Amino acid sequence: MTAIIVDLVLFTLLIAVAIQIVRLDHLFAVTMLSGVFSLLTAALFITMDAPDVAFTEAAVGAGISTVLMLGTLALVPGTQKAVRKAQTIPLVVVIATGLALIYSTLDMPVFGDPEAPAQQHVAPYYINETPGDIDVPNIVTAVLASYRGFDTLGEVVVVFMAGAGVLALLGHKPLGRLVGRASVRGRREEEE
């Protein structure tokens, strides 16, 4: 019962943060709330007994992504431009996509079901064959580093390229001058 309450609290906080992100115009606050959203998601993964996924979400979602966004904010104005007309088409697309995702989850097995296909075929293979194939005592490490090694390498390359891209954008001018100029530009926009 306690786990259900914790999950409901985390989901409620996730929804509240997501709504606030959509409503805000100040990009620094949006960036910080995006980091909070990632940390809440990592906490939700912990409640699902997936600490490896939670660690990755916290490191990439809350850590690296937030740093990259803050670096990007040094190059752009601090507030979003006002939207003049109603955005009904994007709202309809988002609602339709959300309903399709919810509908697709209705056919999934119950969380933790021992009769689920993944528990019958994939998991027993890794449990039984990891000691002979790889000789790594931790099965999660064996899956991430060996069985899914190219996938993990691809994820690392994507994060590296994102960081290199932001550094390339920031590398042409000293950061101090950019931050000073952005804050002056933000003050001018507020005065207008």
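Student: What is the order of elements in the protein chain, from the N terminus on?

Tutor: The elements run α-α-α-α-α-α-α-α, and the chain has eight helices and zero strands. Helices here are DSSP runs of H or I with at least four residues, strands are runs of E with at least two, and numbering starts from the N terminus. The model is predicted: local features need pLDDT of at least 70, side-chain atom pairs count only at pLDDT 80 or more, and totals for chains, interfaces and linings use all residues. Residues are numbered from 1 along each chain as its sequence is written, and side-chain values use heavy atoms, with hydrogens and water left out.

Student: How many aromatic pairs does the structure hold?

Tutor: There are three aromatic pairs in the structure. Tyr-125 and Tyr-126 form an aromatic pair with 5.9 Å centre to centre and 65° between the planes.

Student: Why is the pair of Tyr-125 and Tyr-126 called edge-to-face?

Tutor: Rings of Phe, Tyr and Trp (its six-membered ring) pair if their centres lie within 6.5 Å; planes under 30 degrees apart count as stacked, over 60 as edge-to-face and the rest as tilted. The distance of 5.9 Å is within 6.5 Å and the angle of 65° is over 60, so the pair is edge-to-face.

Student: Why is Tyr-126 described as partly exposed?

Tutor: Buried means under 20% relative accessible area, exposed over 50%, and partly exposed in between (1.4 Å probe, protein chains only). Tyr-126 has a relative accessible area of 23%, and is therefore partly exposed.

Student: What makes the pair of Tyr-126 and Tyr-147 tilted?

Tutor: These two rings lie 4.8 Å centre to centre, with 45° between the planes. Tyr-147, at 27%, is partly exposed. Ring pairs link Tyr-125, Tyr-126 and Tyr-147 into a cluster.

Student: Where is Gln-80 found, and why does Gln-80 count as partly exposed?

Tutor: Gln-80 is in the loop between helix H3 (51-73) and helix H4 (88-105). Its relative accessibility of 41% falls between 20% and 50%, so Gln-80 counts as partly exposed.

Student: Which residues is Gln-80 in contact with, leaving aside its neighbours within four places in sequence?

Tutor: With contact meaning heavy atoms within 4.5 Å, those residues are Leu-24, Asp-25 and Leu-27. Gln-80 and Asp-25 are 55 residues apart in sequence, and 5.0 Å apart in space, C-alpha to C-alpha.
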